[in-house]
Amino acid sequence: MAATLAQAPAVLAQTRAAPVVYDIPAQPLGEALMRLAKQSGRDILFDAGAMRSRVSRPVRGVRDFESALRTLLADTAIGYDLRADGAVVIRPAKSPARRRVAASSRRAPEARSSEAVEGTDLILVEGRRQETPQAREMASNTTVNMLSAEEIARRPDRNVTETLARLPGVNVMFSTVSQAGSQGNGSNYGGLDTAARGEGQFVSIRGLSGEYNVNLINGIDAAQGMPYSREVQLSLLPPIGIDNIVISKTSTADMQGDAIGGTIDFRMPTAFQSPGGHVSLYSDVRYEQRAADYGLKPWGYQGQLAISKTFGADDRFGVYLSGYYSLRHFANSQQTNGQFEYKIVDANKAVPAGVDPADNLQLLGFGMQMTRGETKRYGGVGSIDWNVSDAIHAFARATFARADTEQTIYQIGIQGGRSGFATAVPLGGTSGLARVVSNQQELHYWSQSNPSRDTLGTALLGFDAKIGRLTATPQAYYSWGANDFPNHFEVTFYNRGISPTGDDTDTNYQVFKTGVGIGYRDGYPMPIFTPGILTNVRNIANWRARNRGEVTDGKSNQHKHGFKLDLRYDAGTDWLEAIRFGAKYSDAQRFTSFRDIQTDAAVAAGATLGNSGLVDTTLSSVIPGVYNYALPLISPDRFWAAYSANGGFNVNWSPDDYNGNTVTGREQVASSYMAADLRLGSVEVTAGIRYEHVDVHNRFWISGNQGVDKTVKLSDGTTQSEHYGWSASDSSFDEVLPSLTAAWRPNGRSAYRAAIWTSYTRPPFIQLAGNTSTSVDADGNVSISRGNPNLKPIEALNFDASGNWTTPFGSSLSVAGYYKHLRNFIYNAGAGFSRYDDATGGRVTISQPQNGGSGHVVGMELNLRQNFAMLPGAFGGLALAANATFQHSRVDLKVAALDRDEHMQNAPRQLYNASLIYDKYGFIADLSYHYSSDYIAAYGLWGTSSFGSPMNSSALDQWVHARGQFDLSLAYSVTPQVQLRLAAQNLTNTRVYYDTIGRYSTVVPQNIDAGRSFLLSARLGF
């Protein structure tokens, strides 16, 4: 007798973690059972031959598995037995009552067993639930990608951003934009120093940066704690303790409207996923090779404990708790650019006509750097579930994640392009052209800290209730996030001091009268020192203090609470399956501040680096094999001890200094939606519309007169009152977002989808209200710099199409295409204003950000997986997985200095992933490769150089260069409860990060080398 085992593709059945709504039309009973297995995540065994002549009854809007099963089997003379392990055996009906059958404890090779089931002639073939992402993607009516817990655990990634990069259309960034821009106040958030930690920080989806995505945890929106964008710093989440991650690349009416790139949902485990009682332990140790190269601490570790228990009658109650802690030490190599100028300029100090600005660059200063530090991560997950009845399920969820990083950066800087350090040498003739030449230089030692305190928490309470044809899911939630930058310090020592009399002939205060010389090797700029300068570098301990203690404190957080109600009415007709409608309200409070003070309290006047008392060790090389110059390391503990002892914290803040970069705000979002689920033959159609209303109230400080209003006299003799101190602004947005999706499944092995939908993204808070100041010059001209509460949201019209196919030979293939048309674009300018404009009226000039123009992204994603289970013996454990993304983006920023058609930020043209996998006899091996082509990190708006040249051009965009990385993971299951794993990240030791000013120019580069890392882990479950 042929028996069919419909095995569960895992994720779609969230087993009460995210209750499933069963929708199965009337069809041949065998196909209906297969579909039920797919939707529920339950194993169903039946005799395919016995089902051929039977037709199921339709199931619409049912949330309980057994209710759905009984409906399917009604009037078919077929019954079922429910095993204690959740598997279902279909049999001829002998009585109307179901029976529970004990699960077999016998195990045969490859985790399978066979046994006769009492009362049936079937042979039960019991297998593990196959929680495959491919099955989830196949079952979805929209384009989604998923990572299961097993896939996440297989990777040697340090955090979830690096794991997400394994999916098609996802690019991982090691930092975010931090430059101040010509209208900004400066910032230490993000930037190359954060990238030098050597781990991914943010992700873009389908060419759209993090602020264009929605991030969910257990289905609720995570707080956005970043100060200058709407991004969520996902790097604080570890790659352990997550059940699965789902990226929805098509939004429907019941989803938040502010997702243009996609929606990422991090779904945490619950007790109902593994009935009974379970305990799991995980621990690992990690070795950082680059830290070992420096002779610094290379070891780190991580541990997690998870406990779950179901209890009560029929296991109606479930509790899941987990907690984790990790410590990572790092020490990485870093090189930063400094001053750069054009080689040849015209009489206006600009690039001569017809000359490519990038080809005309020269580097006159750069930093040779290394960084050391540690990151502690800790947090946990908790959930409580209660099946009140077959129709009501109550649940509570809570998550917490914290990452504390202490980081210090050390630099020997070469400065040959400071103001007055370069001169123009005429080329002769009548061209009027000149060569810019560095004729002097100075060196400095610079150290700063880059600490961060990142927090993300969520809490959720709700229930599902089915009353007749109506299903209601009310939920209340709270989320909080913080990205603080506490107690950043800077201290510098120069090869010269500052002469109190301005006497530059005294050797104690002398600038080197030799211009800077720079060569290149393997992508690094190499200093060409004269013998005298080289001797000075070797005597770095004698360099004198310049900045003797500058301290910055930054705070940014958001607290968000809200509630939502989702309703579904089962229409029960052949063409109208259900009507869904709902509403949501969220209220978010935001606070951002940035305070900087220089007290010179850490180092005595006239002290040298060697006798400052701050140095705790000296490295033999800044970057081994590249910059072989001794580098003293300042101890942060010694800095803070000296700073405190000398009264550094006794600051008399002025009102402008204390409040000048402080913004508080409130954002309220009210939304509602309606959708209809239709079935037109074998095509499933969902038509919906969503409405969102947003009110933003911001409170900020206007700097310029210490908070005191004053009346100014303009040059035309008139007077004008200027307000200083606290002020406020309001913004409001209304969006109507229609969507239409269609899915066609001609058979059980293929699915085709199409969608047209609309979405939007609200402007960052810093662009609406931030960095506000008013100044009046001696001639009575008023200059105002401020945010723009009248900015428009970025709006998008999106088109998606995709197809999925599987074969009986272990193959699965998906192809997805997308097109996004955006308008009112706003690019990420960090702490600065995006596309700021100067509007002059009379004697008043107002500088504020403005919306850009329109843009688009078009792309294609290919995803293939092939297992070779059909091969004999050991070869049956082989599998191959690969995906590729090809995309093209263009946007009109409406910035006069830039080209009309620019690439979008963080949007590489190609992304590739490939894995060779072996899984058999308890052994799992995974050799993976990830590749990202080059992409723009920041637009070429560098202002005016020290020499006075305008450095604004698309040719000067900052490009992150292409990078590929191999990783390897080897695991062995000693027993079904114990698994050991050895993994290596970055096998070929490729550079983590390499960028240049200009896409094809290598003259102004930046480099980060984090080396390889190795991981040894053990997992125990019982």
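Start by selecting strand S13 (residues 213-217) together with strand S16: the two pair in the parallel sense over five bridges. Strands here, like helices, are DSSP runs numbered from the N terminus, with at least two residues (E) for a strand and at least four (H or I) for a helix, and two strands pair if DSSP finds at least two bridges between them. Zoom in on Leu 216, which stands opposite Asp 265 in S16.

This is a predicted model, in which local features need pLDDT of at least 70 and side-chain atom pairs count only at pLDDT 80 or more, while totals for chains, interfaces and linings use all residues. Residues are numbered from 1 along each chain as its sequence is written, and side-chain values use heavy atoms, with hydrogens and water left out.

Ile 245 has Phe 266 as its bridge partner in S16.

Keep S16 (residues 262-267) selected. How many of its residues are buried? Six of the six are, so the strand is largely enclosed by the rest of the structure. Buried means under 20% relative accessible area, exposed means over 50%, and partly exposed lies in between (1.4 Å probe, protein chains only). In a regular strand the side chains alternate between the two faces of the sheet. Colour Gly 262, Ile 264 and Phe 266 for one side of S16, then Thr 263, Asp 265 and Arg 267 for the other; both faces are covered.

Next, go to Glu 288 in strand S17 (residues 277-288). Is Glu 288 buried or exposed? Glu 288 is buried, with a relative accessible area of 3%. Show its side chain with that of Arg 158, and you will find a polar contact of 3.1 Å. Such a contact is a pair of N or O atoms within 3.5 Å; within protein, one must be able to donate a hydrogen and the other to accept it, and residues adjacent in sequence count only if both atoms are side-chain atoms. Leaving out residues up to four places away in sequence, Glu 288 also touches Pro 298, Arg 328, His 329, Arg 1012 and Ser 1013, where contact means heavy atoms within 4.5 Å.

Move on to Thr 455, found in strand S28 (residues 452-467). Thr 455 counts as buried, at 10% relative accessibility. Its side chain has a polar contact of 3.1 Å with that of Arg 402. Beyond four places in sequence, the contacts of Thr 455 include Leu 236, Phe 400 and Trp 480.

Then select Met 370, Tyr 445, Phe 493, Tyr 627, Leu 631 and Phe 639, which touch the most other members of the 61-residue largest nonpolar core. A nonpolar core is a set of buried Ala, Val, Leu, Ile, Met, Phe, Trp, Tyr and Cys residues joined through side-chain atoms within 4.5 Å. Helix H10 (residues 636-645) gives the most to this core, with four residues. A second, separate core has 32 residues, among them Leu 164, Ile 240, Ala 271 and Leu 1015.

Finish with the open three-stranded sheet, ordered S21-S26-S25 with antiparallel pairing. Strands S21 (344-345) and S25 (422-426) stand at the edges with a single partner each, so one side of each lacks a neighbour in the sheet. Ile 344 has Arg 435 as its bridge partner in S26.
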